[in-house]
Amino acid sequence: MASSVDGPRIRREKKTVALLIALYCRKLHGGREQADPQQPGAVRAGATSLCAECAELHRYAEQRLDRCRFGEGKTTCLACPVHCYAAAQREQIRRVMAFAGPRMLWRHPVFTLLHLLDGFKKGHSQ
C-alpha cells in the first residue's frame with residue numbers, strides 16, 4: 001500500500017503531468033474557451049488556465065496519483081503493471097504525452113530528466 005500519498009515523488013509526478021497538460025493545452029487548445037478560474041474545481045497548471053477538457057484530464061490524473069497503490073515507490077506509469085486509467089482517459093493522456101513529451105525536454109529539462117530516470121528505477125510496481 002502507499003506509504004505517503006503526498007510525498008516528494010508523488011508531488012513531482014503531479015507537477016510533471018500538470019506541465020505536460022498545460023503545454024499541450026496552450027499549444028493545441030489556445031483558442032478554446034478557458035475554464036472559469038472562479039468556478040469550483042477550476043484548474044490552473046502553473047500560470048496557464050486550462051480548457052475544460054484539459055482541466056478535467058488534469059483533475060483525473062491527480063486523482064489517480066492520489067490513489068496510486070505504490071505511492072512513493074512508484075515508477076513511471078508506462079512501466080507500471082497496474083493501469084489505473086480508464087480507457088478514454090488513457091488515450092487522452094497518451095495524446096498529451098506524445099505531443100508534449102518531446103517538447104518538455106526544451107521547456108522543462110529538469111522534470112524531463114527526472115521522469116526519464118524514474119522510468120529506469122525499480123520501484124514497488126515492478
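Modeller: Gladly, and please keep in mind throughout that this is a predicted model.

Biologist: Which element gives the largest share of the lining of the largest pocket?

Modeller: The elements that give two or more residues to this lining are α1 (8–28), α2 (52–66), α3 (87–107) and α4. The largest share is six residues, and the element that supplies them is α3.

Biologist: In what order do the elements of the protein chain run from the N terminus on?

Modeller: The protein chain has four helices and two strands. Read from the N terminus on, these elements run α-β-β-α-α-α.

Biologist: What percentage of the residues in the protein chain is buried?

Modeller: A residue counts as buried when its relative accessible area is under 20%. The protein chain has 126 residues, and the buried ones make up 40%.

Biologist: Turning to charged side chains, how far apart are the closest N and O atoms of Glu 13 and Arg 9?

Modeller: Glu 13 and Arg 9 both belong to helix α1, where they are four residues apart, about one turn of the helix. Both residues are buried. They form a salt bridge, and the closest N and O atoms are separated by 2.6 Å.

Biologist: How exposed are Glu 56 and Arg 59, whose side chains meet in a salt bridge?

Modeller: The N to O distance in this salt bridge is 3.1 Å, and Glu 56 and Arg 59 are separated by about one helical turn because they are three residues apart in helix α2. With 44% relative accessibility, Glu 56 counts as partly exposed. The relative accessible area of Arg 59 is 33%, so Arg 59 is likewise partly exposed.

Biologist: Which residues do salt bridges with shared partners join into one network?

Modeller: The structure holds five salt bridges. Those that share partners join into one network the residues Arg 9, Glu 13 and Lys 74.

Biologist: What is the volume of the largest cavity?

Modeller: A search of the whole structure finds one cavity of 30 Å³ or more. Its lining is made by Tyr 24, His 29, Glu 53, Cys 54, Leu 57, Gln 92, Arg 95 and Val 96, and by class these are four nonpolar, two polar and two charged residues. The volume of the largest cavity is about 40 Å³.

Biologist: How far apart are the C-alpha atoms of Leu 57 and Val 96?

Modeller: Leu 57 has its place in helix α2 and counts as buried because its relative accessibility is 3%. Leu 57 and Val 96 both line the largest cavity, to which α2 and α3 each supply at least two lining residues. Along the chain these two residues are 39 residues apart, and their C-alpha atoms are separated by 9.9 Å.

Biologist: Finally, is Val 110 buried or exposed?

Modeller: Val 110 is found in helix α4 (residues 109–120). Together with Leu 113, Leu 114, Leu 116, Leu 117 and Phe 120, Val 110 makes a nonpolar surface patch of about 620 Å². Its relative accessible area is 55%, and therefore Val 110 is exposed.

Conventions
Residues numbered from 1 in each chain as written. Predicted model: local features only at pLDDT ≥ 70, side-chain atom pairs only at ≥ 80, totals over all residues. Heavy atoms only, no water. Patch = residues over 30% accessible without salt bridge, like charges linked within 9 Å, V, L, I, M, F, W, Y side chains within 5 Å. Areas by Shrake-Rupley, 256 points an atom, 1.4 Å probe, with all protein chains shown as cover. Salt bridge = Lys/Arg side-chain N within 4 Å of Asp/Glu carboxyl O. Buried < 20%, exposed > 50% of the residue type's maximum accessible area, 1.4 Å probe, protein only. 1 Å grid on protein atoms, 1.4 Å probe; cavity = no way out; pocket = protein on both sides within 12 Å on 5 of 7 lines; lining within 4 Å. Points joined across faces, edges and corners; volume = space filled by probe spheres on them. Nonpolar A, V, L, I, M, F, W, Y, C, P; charged D, E, K, R; others polar.
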